[in-house]
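Me: I am new to protein models and would like to learn how to read one. Could you take me through the features, step by step?

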Amino acid sequence: MRKLFLLGVLLAPLWSFAQQSKVDSLKAVLATVKTDTAELRVLLDLCAQFQFLPRKDLLAYGQRAVNIAESEHRQRELSFGWYFIAMSYYYEGKYDDAAEAAEKCVAVIRETGNKTSMLDALTLMGAIYNQKGDHGKALDAHFESLAISEQLSDEAGKAFAYNNIGTVYFNNNQQADALKYFRKALTSYAAVGDSLYMGIVYSNLGELHPDPDSSIHYLTLALEVLERFEYEDAIAHVAANLGEVYTGKKDWPQAEKYLFLAIEIWEKTGLASGLNSPFRTLGRINAQRGNLPEAMQWFDKALENARGQSPVILKDTYLYMSETFRQIGQYKEALDYLSQADVLKDSLFNEEKAQQLVEAETRYHTNLLARQSAEKDLTIANQQNRQKNILIAAILVLLVVGGGFQYLRQRESLRKKEAETALRIQQAEADKLREVDKMKSSFFANISHEFRTPLTLILGPLEEGLSGASRNHQIPLKLEQNDARMMRRNANRLLELINQLLDLSRLEGGRLKLNVREGDLAQLFRAVAFSFESLATRKKVRYRIENQPEQIMGWFDADKVEKILANLLSNAFKFCRENGQVQVGLSLDNDLACIRVTDDGPGIPHGELDRIFDRFYQTAGQDESYGGTGIGLALVRELVNLHKGHIRVESEEGRGAGFTVRLPLEKEQYDAGSIEDKNDPAVFRPAAAGEEEPAPAPKSALATLDVESVKPQLLIVEDHEEVRAFIRERLKDQYHILEACDGPQGFQSAIEHIPDLVITDLMMPGIDGVELAGRLKKHPNTAHIPIIMLTARADQEDKLKGLDTGAEAYLTKPFDAQELRIRVARLIEQRRKLANRYQENALLNPLVITVSSVDDRFLKGVRETIRNHLDDESFGVPELGDAMGMSRSQLHRKLKALTGFSPNELIRNIRLEHGKALLEKGAGNASEVAFMVGFSSLSYFSKCFSDYFGYPPSKVE
């Protein structure tokens with residue numbers, strides 16, 4: 001777990017003194033001093049160089065300073081000595097000893113009344129109690145420090161207190177309060193110009209931020225600042241936390257770079273308590289990579305380091321190891337380390353109780369011996385034997401009571417461990433059930449998405465045909481040829497999905513049987529492989545068919561082998577990027593048919609390779625927009641097993657995946673009941689092999705419209721080519737159409753062309769529809785554009801999520817084409833009405849403009865830019881576009897959509913409005929005012945003024 005950084009703040013008053021050369025000279029002086037007073041001064045000066053002192057030396061110098069100060073009755077120096085002792089214990093992780101020393105330091109300072117010294121002591125005390133987990137005492141100390149800083153008008157002291165209060169709130173899971181105080185700290189540090197401690201706050205903001213990229217941004221800023229000051233402990237702290245963030249992102253090289261930097265610094269400075277975190281994180285990295293021997297080496301280092309500090313840190317290390325092994329599926333090891341953490345927790349509890357028992361027994365024996373001694377003084381001679389008997393009886397009683405107590409404790413401990421073991425087993429079973437339930441929920445969500453997309457492309461043309469709304473408006477019930485082909489393809493896709501589900505169901509029930517016949521496997525391979533060439537062309541994927549033997553005769557079930565190969569190829573094309581590569585090959589290896597399919601897609605995380613063949617399972621990093629149901633690979637494995645073959649997967653994240661299937665071809669390999677011994681060999685005839693595919697719709701954006709075009713311009717962002725073509729064909733008569741095949745291309749096209757409306761799918765690769773809508777609504781060039789969201793997910797949560805980004809409409813697939821036309825028309829009309837409102841009020845009347853939206857801010861910026869150049873007659877559309885960061889065409893479409901005015905009209909009208917205002921104030925005659933508002937000709941000014949207001953400038957009173 002990452003922790004916030006306090007040391008730079010709590011040690012701030014001493015930082016400017018930390019120089020290694022000064023440490024060496026002070027040590028030389030210490031060896032020569034003659035008096036206690038001089039020695040005390042040198043000792044405290046040495047302690048102030050804590051940054052360059054070994055921790056044992058800091059403690060030793062502090063203790064010597066305390067001894068001398070107490071003997072000399074020097075309270076101020078005594079408080080300094082306790083301060084440095086507390087600091088030394090803090091560095092070593094001995095927080096109980098550190099708290100005791102800090103309390104003594106504060107008590108001495110309260111007697112002297114030195115508020116400046118009290119600030120330092122309270123800051124240190126708050127840091128110690130924060131590490132102990134006593135957040136109440138930590139906040140008391142830091143708020144008292146804040147109050148003193150306010151009394152002293154010490155802005156730097158206030159900044160220290162704000163930062164440390166934020167840290168305590170963070171550790172107490174009060175994130176909102178933590179963020180508030182960190183921002184206050186940053187403001188205060190900026191006010192005093194303290195770059196170093198601005199770096200400390202950057203570090204803490206990096207810890208607080210839940211988004212990994214933002215966290216890296218703040219931590220990198222912090223590291224840059226701290227490296228300028230060569231503040232090694234702080235650099236190591238930030239580097240360790242950067243290592244943890246990169247570990248969470250699975251960027252192993254970056255993570256190791258920063259973790260090794262932290263280890264190097266802390267080993268040099270001797271800060272043992274800091275080393276535990278990078279040791280553990282390096283163990284987790286290697287465990288997640290599958291390199292368990294090296295992982296255990298790092299974990300052993302962490303355990304050794306923890307044993308040298310405190311049982312609490314050791315217990316936390318076992319818990320960390322348990323969680324790491326649970327994440328990689330090593331549940332036995334995870335349970336073992338969890339058990340060791342529990343044992344350690346029990347031993348901590350038992351140590352405390354045992355200490356209490358020893359103290360009670362000591363008091364008992366002390367009282368008993370005192371009583372016996374008194375009795376012996378009274379009757380030494382007469383009671384000697386009796387005293388011995390009493391003593392023996394007491395010992396026997398103690399032994400019996402102690403033995404009984406120990407028996408009860410052991411029995412209770414055993415019962416407790418049995419109950420905890422049973423609870424852990426129940427929790428593990430519950431976790432497994434929840435995981436299965438989650439996988440099934442994901443499966444049903446994905447299968448509904450897979451069903452709804454082809455249903456949209458089947459029901460859309462049917463609805464139009466039945467309602468008489470076909471595009472030629474002449475033959476209501478006749479389907480166009482392209483529509484009919486599209487419907488057939490998507491109906492076949494639905495049938496394929498349903499057949500996969502039925503095949504899995506039959507396999508589960510043992511009802512799916514092989515029908516093995518002798519045939520030419522090479523012929524079947526070529527038929528299936530070549531049927532994917534058109535898909536490769538549409539997806540712009542380099543498709544290579546390798547190792548094509550002329551003939552491979554053997555015994556196999558042609559239908560099942562077809563499904564195996566088709567599923568693997570479909571999977572490869574689904575995950576392969578545009579301009580990527582898919583390869584498929586067939587060979588004969590030791591009487592086994594070897595089929596290999598590879599792609600260069602995103603790959604599969606190493607820890608999930610063993611699970612990708614599980615039913616309904618999809619990898620954690622898989623983008624939802626890739627689709628899929630989690631049953632294709634499960635079906636492939638079952639079919640391979642049915643053939644008594646085996647399948648293997650190889651993958652590396654970011655470098656694609658490869659599947660290898662090996663199938664036996666000998667007749668003797670199969671059961672007699674699965675063999676169809678007929679004379680005619682198996683021949684594969686793919687049902688869709690001869691079907692002509694329609695030309696694919698273009699994926700890149702179309703050429704932009706001329707800015708003066710009458711037709712509204714629509715942008716369709718949809719990764720499914722046929723859905724994109726279906727929408728385009730229904731809207732192209734009324735609108736100019738732009739297209740994009742994914743979110744990034746759609747965003748770029750919207751920025752470049754400023755369409756009147758965007759239609760986007762929800763689930764897409766890279767940037768999904770929700771993120772695209774959010775980006776468009778935040779960008780000043782596109783914030784005004786209405787958005788229609790299309791999705792195959794029909795649940796209320798997804799709908800609310802889409803609308804929350806600012807999308808104006810939400811249509812669920814399969815949608816009605818006529819409803820889509822109506823929604824588009826109404827949204828464009830609403831935008832025109834809004835433009836009329838701006839045209840009448842918001843733009844030309846500055847009192848009406850409010851900065852309530854991105855569009856309002858944009859228009860206010862346009863107005864202010866024009867007003868700032870009123871007297872510049874050369875200021876025109878190009879200059880306004882440059883000032884707003886937009887091209888001429890972008891500016892034209894944006895202003896036309898918002899106000900109904902072209903940029904030229906807008907500049908001229910604002911000049912005229914301002915000219916009228918100047919005339920009404922008597923700022924000059926018509927000729928003078930014309931030049932003031934950028935008109936070089938009085939006659940042209942008078943003409944424009946009369947056209948705009950209906951009367952000449954001379955009539956203005």
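Reply: Here is a short tour, from the overall picture to single residues. This is a predicted model, in which local features need pLDDT of at least 70, side-chain atom pairs count only at pLDDT 80 or more, and totals for chains, interfaces and linings use all residues. Residues are numbered from 1 along each chain as its sequence is written, and side-chain values use heavy atoms, with hydrogens and water left out.

Me: How do I read contacts between residues that lie apart in the sequence?

Reply: A contact means heavy atoms within 4.5 Å. Among the protein's contacts with a separation of 6 or more, 65% are between residues 24 or more positions apart. You can see how the chain brings separated positions together with Leu-196 and Phe-229: they are 33 residues apart in sequence, yet their C-alpha atoms are 7.1 Å apart in space. Leu-196 sits in helix H11 (residues 195-208) and is buried, because its relative accessible area is 2%. Another pair is Ala-558 and Gly-519, 39 residues apart along the chain with 8.1 Å between their C-alpha atoms. Ala-558 belongs to helix H23 (residues 558-575), and its 17% relative accessibility makes it buried.

Me: Now helix packing. What describes two packed helices?

Reply: They are described by the angle between their axes and the distance between the axes. Axes are lines fitted to C-alpha atoms, for helices over the stretch in contact, and angles run from 0 to 180 degrees between N-to-C directions. Angles under 35 degrees count as roughly parallel, over 145 as roughly antiparallel, 65 to 115 as roughly perpendicular and the rest as oblique. Take helix H12 (residues 212-229) and helix H13 (residues 232-248): they pack at about 160°, with axes 10 Å apart. H12 and H13 are therefore roughly antiparallel.

Me: Which residues make the contact of H12 and H13?

Reply: On the H12 side they include Ile-216, Leu-219 and Leu-223, and on the H13 side they include Ile-235, Val-238 and Leu-242. To sort them by class, count Ala, Val, Leu, Ile, Met, Phe, Trp, Tyr, Cys and Pro as nonpolar, Asp, Glu, Lys and Arg as charged, and the others, Gly among them, as polar. The contact of H12 with H13 has 13 nonpolar, three polar and one charged residues.

Me: What about H7 and H8: at what angle do they cross?

Reply: Helix H7 (residues 115-132) and helix H8 (residues 135-151) cross at roughly 160°, and their axes come within 8 Å. That angle makes H7 and H8 roughly antiparallel. Residues in this contact include Leu-119 and Leu-122 of H7, and Ala-141 and Ile-148 of H8. By class, the contact of H7 with H8 has nine nonpolar, eight polar and three charged residues.

Me: And how do H30 and H32 pack?

Reply: Helix H30 (residues 854-868) and helix H32 (residues 888-899) pack at an angle of about 115°, with 12 Å between their axes. H30 is therefore roughly perpendicular to H32. Phe-858 and Leu-859 of H30 are among the residues in contact, as are Leu-891 and Leu-895 of H32. The classes here are six nonpolar, one polar and two charged residues.

Me: What should I know about phi?

Reply: Most residues other than glycine have a negative phi. Lys-644 is not a glycine, yet has a positive phi of about 60°. Lys-644 lies in the loop between helix H24 (632-642) and strand S6 (646-651), and is partly exposed because its relative accessibility is 45%. Ile-754 also has a positive phi, near 50°. Ile-754 is in the loop between helix H26 (743-753) and strand S10 (757-761), and its relative accessibility of 1% makes it buried.

Me: Last one: how many disulfides are there?

Reply: A disulfide is a covalent bond between the sulfur atoms of two cysteines. With the rule that a pair of cysteine sulfur atoms must be within 2.5 Å, the count is zero disulfides. Two of the cysteines can still be read for burial: Cys-47 is buried at 0% relative accessible area, and Cys-576 is buried at 6%.

Methods. Helices (H or I, at least four residues) and strands (E, at least two) are DSSP runs, numbered from the N terminus. Buried means under 20% relative accessible area, exposed over 50%, partly exposed in between (1.4 Å probe, protein chains only).
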